[in-house]
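Hi everyone, thanks for coming. Have a look at the chain on the screen, and I'll walk you through a few spots in it.

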Amino acid sequence: MEFSSRIKLTGKQFFVLTGIVGARAVIGLEDPFRGTLAEEMPAEVARIEQELLEEGLIVTDTVDNEPVLAQELLEYIEVCSRTLLTIHMRVTGFEGEPKECFIYYSSALVVKSEIESGPSGERIYVLEELGTPSEAWLKIIGYLQLEDRKNRGTGPLALPKGWFQQWMNAEQGYPESVVTALADSVSSPERYASFTVYYCPDLNCRIQGIELLRGKDSNWLIRPEGDQDQIRGAQVTEIIHELGAVIERIK
């Protein structure tokens, strides 16, 4: 079968495929069988394997009579399953629907798993190759659609942890020197993104995440530190440096 560069999978299909290659954990893949009784699992897995066979995504090994992944899909699934570095991104903006994806790194290949909503609201995973790590990094920066903004000479602002998210949702004020400019951005953001890096999938370890807010005149970078969120205006070059520093910490 000839594959498209984008492979669309249901959560159950993705879960079963990672099981076939022996994955112990995949960050970003929710357990779609939650609530299924143990005695029901063999029949459910067999049903999903039959779906995958019919779609040409797996074949049956003629020697062991076990399911085997088609070659290109095998490469995708193994990158997702064996990665030691996963980036989770959420991006929202007025120019399109909110997007969420997980990006899985290997030394030679990077695979993106974009989350879509199925007809019944279930999670659909669209796997796509992003190329080498250096090629993928340029695409990741492109997804954020950062643009130069003139900062208003504002200083850093510390908010109690979690207040920024409440502020985004409720558009509430906070009495600090930088609050006016930030309040304008929060009340009408052009784009908002969260960027979090994970490593050691078995332990689900998390590297400190970064949030980005693009307003009319300024870019804002939000980094959690202890029990506070540290917020400051930042140029695009500073933001790219911050994101790169997060990656460098676990190389």
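This is a predicted model: local features need pLDDT of at least 70, side-chain atom pairs count only at pLDDT 80 or more; totals for chains, interfaces and linings use all residues.

Residues are numbered from 1 along each chain as its sequence is written, and side-chain values use heavy atoms, with hydrogens and water left out.

Okay, the overall picture. The protein chain has 7 helices and 12 strands; helices (H or I, at least four residues) and strands (E, at least two) are DSSP runs, numbered from the N terminus. Of the 251 residues in the chain, 44% are buried. Buried means under 20% relative accessible area, exposed means over 50%, and partly exposed is in between, with a 1.4 Å probe and protein chains only. And among contacts between residues at least 6 apart in sequence, 58% join residues at least 24 apart.

First stop: Leu 69, which sits in strand 3, residues 67-69. Is Leu 69 buried or exposed? It counts as buried, because its relative accessibility is 7%. What does Leu 69 touch, once we skip neighbours within four places in sequence? The partners of Leu 69 are Leu 17, Ile 20, Val 21, Leu 57, Ile 58, Leu 74 and Ile 77. Take Ile 58 from that list: its C-alpha is 4.3 Å from the C-alpha of Leu 69, and the two are 11 residues apart along the chain.

Now compare Leu 84, in the loop between helix 3 (71-82) and strand 4 (85-93). Leu 84 counts as exposed, because its relative accessibility is 60%.

Leu 17 and Ile 20 bring us to helix 1, residues 11-20. Its buried residues are Gly 11, Gln 13, Phe 14, Val 16, Leu 17 and Thr 18. Just after helix 1, Gly 22 takes a positive phi of about 80°.

Next, how helices pack. Two packed helices are described by the angle between their axes and the distance between the axes. The axes are lines fitted to C-alpha atoms, for helices over the stretch in contact, and angles run from 0 to 180 degrees between N-to-C directions. Helix 1 packs on helix 2 (residues 41-54) at about 95°, with the axes 10 Å apart. So helix 1 is roughly perpendicular to helix 2. As for the words, angles under 35 degrees are roughly parallel, over 145 roughly antiparallel, 65 to 115 roughly perpendicular, and the rest oblique.

Who meets whom there? From helix 1 come Lys 12, Gln 13, Val 16, Leu 17 and Ile 20, and from helix 2 come Glu 44, Val 45, Arg 47, Ile 48, Glu 49, Glu 51 and Leu 52. By class, this contact has 6 nonpolar, 1 polar and 5 charged residues. Here Ala, Val, Leu, Ile, Met, Phe, Trp, Tyr, Cys and Pro count as nonpolar, Asp, Glu, Lys and Arg as charged, and the others, Gly among them, as polar.

Here's another pair. Helix 4 (residues 133-144) and helix 7 (residues 236-248) pack at about 135°, with axes 12 Å apart. That makes helix 4 oblique to helix 7. In their contact, Trp 137, Ile 141 and Leu 144 of helix 4 meet Ile 240, Leu 243, Gly 244 and Ile 247 of helix 7. What classes do we find in the contact of helix 4 with helix 7? There are 6 nonpolar, 1 polar and no charged residues.

Last stop: Arg 214, in strand 10, residues 205-214. Arg 214 counts as buried, because its relative accessibility is 8%. Leaving aside neighbours within four places in sequence, its contacts include Gln 145, Glu 147 and Arg 149. A polar atom of the Arg 214 side chain lies 2.4 Å from the backbone oxygen of Gln 145.

Gln 145 itself is in the loop between helix 4 and strand 8. It has a positive phi of about 50°, although it is not a glycine. Gln 145 counts as partly exposed, because its relative accessibility is 37%.

Arg 149 lies in that loop between helix 4 and strand 8 (157-160) too, and it is buried, with a relative accessible area of 11%. Arg 149 is 70 residues from Asn 219 in sequence, and their C-alpha atoms are 6.0 Å apart. That's my tour, thanks!

Terms used: A polar contact is a pair of N or O atoms within 3.5 Å; within protein, one must be able to donate a hydrogen and the other to accept it, and residues adjacent in sequence count only if both atoms are side-chain atoms. Contact means heavy atoms within 4.5 Å.
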